[in-house]
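Thanks for coming. I have one structure to go through today, so please look at it with me on the screen.

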Amino acid sequence: MQNARVKQLVQLQQKSQERRRTGLFVVEGQRELMHCIEAGYEVVELWVKGGGYSPLTFHLPPSTIIEVTPQVYEKIAYRGSTEGVIGVVRERRLTLDALQLPASPLIVVLESVEKPGNLGAVLRSADAAGADAVIVCDPLTDLYNPNLIRASLGACFSVPLIACSSAECIAFFKQHHIHILTAQLQDSKLYYDTDMQRPTAIVMGTESTGLTDIWRQAADAHIRIPMLGRMDSLNVSVSAAILLFEAVRQRKNA
């Protein structure tokens with residue numbers, strides 16, 4: 001329990017500072033690990049409880065496996081039900097310049113997202129809708145946070161995920177003629193009356209403050225979801241799903 005490697009793995013689970021310092025992060029669960037490996041990430045170590053998995057299960061060399069007792073596994077696991085397998089993975093930062101896009105891309109942009117669970121849920125919707133990327137501008141959360149990975153069910157590996165500034169993102173969209181749609185209440189029209197068949201970026205802000213002026217001014221169109229009750233907004237992940245699948249509907253019927 002006092003082994004230095006065990007302590008470091010716990011630090012990787014708990015502290016974003018340690019993840020940044022080492023360039024490593026932790027992935028728990030078979031499904032999440034498979035998505036991670038399929039996306040080309042390097043698994044440095046594979047920790048397993050009581051021989052439940054062979055490294056061959058994940059097409060990894062035997063030298064990567066570390067077998068631990070149930071007591072040690074309980075200490076290193078971030079959540080209870082993880083199928084007895086944890087991977088230590090080398091991070092890989094994708095940039096805007098490296099992004100490969102089709103002729104008419106569909107992109108989700110989140111400005112200053114704070115909650116890793118919300119970002120994870122948006123990534124699941126982006127994967128389901130076949131979005132080409134999720135871009136987090138001026139992020140307030142660690143993109144390798146265990147809660148994000150868990151909430152996305154591994155979609156953080158299947159959908160290109162990029163962090164950059166809002167100014168960099170806007171310049172990229174303008175350069176590539178990508179239509180910017182900002183989700184906002186003011187000066188907006190209903191989302192289903194907006195063309196999403198062209199190259200499109202759907203941009204959303206935080207639930208508390210919305211989008212900053214830099215995005216409002218850069219937008220090609222402002223869109224909103226009709227709110228028929230007393231609340232004036234939805235959870236950002238719910239809004240993302242609604243808007244993404246409207247784009248899917250329009251493109252399917254084009």
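How many disulfides does a search of the whole structure find? The count is 0. Before going further, note that this is a predicted model, and what I quote is computed from it.

Let me stay with the cysteines for a moment. Cysteine 36 is in no disulfide, and the nearest cysteine sulfur, which belongs to cysteine 156, is 7.7 Å away. A disulfide would need the two sulfur atoms within 2.5 Å. Cysteine 164 is in no disulfide either; there the nearest cysteine sulfur is that of cysteine 137, at 4.3 Å. Are these two cysteines buried or exposed? Cysteine 36 is buried, with a relative accessible area of 0%. Cysteine 164 is buried as well, at 11%.

Cysteine 36 brings us to helix α3, which covers residues 30-38. The buried residues in α3 are Glu32, Leu33 and Cys36. Seen down the axis of α3, these buried residues fall within an arc of 95°, so they line one face of the helix.

Just after α3, glycine 40 takes a positive phi of about 95°.

Next, the aromatics. The whole structure has 7 aromatic pairs. Phenylalanine 25 and tyrosine 144 have ring centres 4.1 Å apart and planes at 25°, so this pair is stacked. The two residues come from distant parts of the chain: phenylalanine 25 is in strand β1, tyrosine 144 is in the loop between β6 (133-137) and α6, and 119 residues separate them. Both phenylalanine 25 and tyrosine 144 are buried.

Phenylalanine 25 also pairs with phenylalanine 157: the ring centres are 6.1 Å apart and the planes are at 25°, so that pair is stacked too. Again the link is between distant parts of the chain, from phenylalanine 25 in β1 to phenylalanine 157 in helix α7, 132 residues apart. Phenylalanine 157 is buried, as is phenylalanine 25.

Which residues form one aromatic cluster here? They are Phe25, Tyr41, Tyr144 and Phe157. Tyrosine 41 has a charged group at its ring as well: the charged end of arginine 92 sits over that ring, 4.2 Å from its centre.

That leaves the salt bridges, of which the structure holds 9.

One is between glutamate 42 and arginine 90, with the closest N and O atoms 3.1 Å apart. This pair links distant parts of the chain, since glutamate 42 is in strand β2 and arginine 90 is in strand β4, 48 residues apart. Glutamate 42 counts as partly exposed, at 43% relative accessibility, and so does arginine 90, at 37%.

Another joins aspartate 195 to arginine 198, where the closest N and O atoms are 3.3 Å apart. Aspartate 195 is partly exposed at 32% relative accessibility, and arginine 198 is partly exposed at 37%.

The last one I will show is within a helix. Glutamate 246 and arginine 249 meet through their side chains in a salt bridge, 2.6 Å from N to O. Both lie in helix α10 (residues 236-252), 3 residues apart, which is about one turn of the helix. How do the two partners stand in accessibility? Glutamate 246 is buried, with a relative accessible area of 6%, whereas arginine 249 is partly exposed at 41%.

That is what I wanted to show. I will take questions now.

Technical notes
Residues numbered from 1 in each chain as written. Predicted model: local features only at pLDDT ≥ 70, side-chain atom pairs only at ≥ 80, totals over all residues. Heavy atoms only, no water. Buried < 20%, exposed > 50% of the residue type's maximum accessible area, 1.4 Å probe, protein only. Helix = DSSP H or I, 4+ residues; strand = E, 2+ residues; numbered from the N terminus. Arc of directions from axis to C-beta. Phe/Tyr/Trp six-rings, centres within 6.5 Å; stacked < 30°, edge-to-face > 60°. Lys NZ or Arg CZ within 6 Å of the ring centre and 35° of its normal. Salt bridge = Lys/Arg side-chain N within 4 Å of Asp/Glu carboxyl O.
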